Amino acid sequence: MRFQIYRYDPESGQKPWMQEYELETRPGMMLRDALLKIKEQDETLVFRHSCGEGVCGSDALNINGTNALGCLTPVAELKEPVVVRPVPGMPVIRDLVVDMDQFFEHYRAVKPYLIVDDPEPEVEYRQTPQEREKLDGLYECILCGCCTTQCPSFWWNPDKFRGPAALLQAYRFMADSRDQAMAQRLEELDGPYRLFRCHTIMNCVNVCPKGLNPTEAINNIKKLMVKEMF
């Protein structure tokens, strides 16, 4: 099977280039496994990976033009040559590794934790089953960045638009019956860029490896903003 892989080494002084590799694949092989085999041929190839089970989210890649996790992508389903690039819209550190600082800066900015003003309960914060059910489809994000780095609004405003992943997390805590910072969270997202740069393109929904729907979460925040602030 033929692969074309993006290569870049800033210390070499060379411009980025696409390097071709050929590999004998096996049934059931995932792209992450193929990259590990290619690295046995060329140990200079650099990419992130860890669990290999779609849990850690570290091996997000742009594969034949679409973001996905290498560990969940069967090579048998890919058209040749398989073109593998770093996820778009982020500075490349080397080969397939990008700098995720901007992504996590937006994530931290939405305060992805419970904010409670009441005194701490003696045992635990309680929810009804119905209140807990509202968090389904929100808490499962693994922060791989596939959604945010496939979003044109993020490419155009990477330092201003929070991006689908961070906004999904923002709504996860707005929807949580235990959180008491709704007004603060909405105020933080007010303005023309942080939330309203989303134009419902829905690339984020199409590429999420967990099947989540950041666009729906963003629309729910917009509805809350209209209801609570105007």
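Tutor: Let's begin with the whole chain: among contacts (heavy atoms within 4.5 Å) between residues at least 6 apart in sequence, 64% join residues at least 24 apart. This is a predicted model, in which local features need pLDDT of at least 70 and side-chain atom pairs count only at pLDDT 80 or more, while totals for chains, interfaces and linings use all residues. Residues are numbered from 1 along each chain as its sequence is written, and side-chain values use heavy atoms, with hydrogens and water left out.

Along the principal axes, its C-alpha atoms fill a box of roughly 60 × 35 × 30 Å. Of its 230 residues, 43% count as buried, where buried means under 20% relative accessible area, exposed over 50% and partly exposed in between, using a 1.4 Å probe and protein chains only.

Two packed helices are described by the angle between their axes and the distance between the axes. The axes of helix 5 and helix 6 come within 10 Å and cross at roughly 160 degrees. Because of that angle, helix 5 is roughly antiparallel to helix 6. Here, axes are lines fitted to C-alpha atoms, for helices over the stretch in contact, and angles run from 0 to 180 degrees between N-to-C directions. Angles under 35 degrees count as roughly parallel, over 145 as roughly antiparallel, 65 to 115 as roughly perpendicular and the rest as oblique. This crossing is left-handed, meaning that the near helix is turned anticlockwise from the far one by less than a right angle (clockwise would be right-handed).

Which residues of helix 5 and helix 6 meet? From helix 5 come Leu167, Ala170, Phe173 and Met174, and from helix 6 come Met182, Arg185, Leu186 and Leu189. The residues of this contact divide into seven nonpolar, no polar and one charged. In that scheme Ala, Val, Leu, Ile, Met, Phe, Trp, Tyr, Cys and Pro count as nonpolar, Asp, Glu, Lys and Arg as charged, and the others, Gly among them, as polar.

The axes of helix 6 and helix 8 come within 10 Å and cross at roughly 110 degrees. That angle is why helix 6 counts as roughly perpendicular to helix 8. Met182, Leu186, Glu187 and Leu189 of helix 6 make this contact with Ile221, Leu224, Met225, Glu228 and Met229 of helix 8. Its residues divide into seven nonpolar, no polar and two charged. The crossing of helix 6 and helix 8 is left-handed.

How values were computed. Helices (H or I, at least four residues) and strands (E, at least two) are DSSP runs, numbered from the N terminus.
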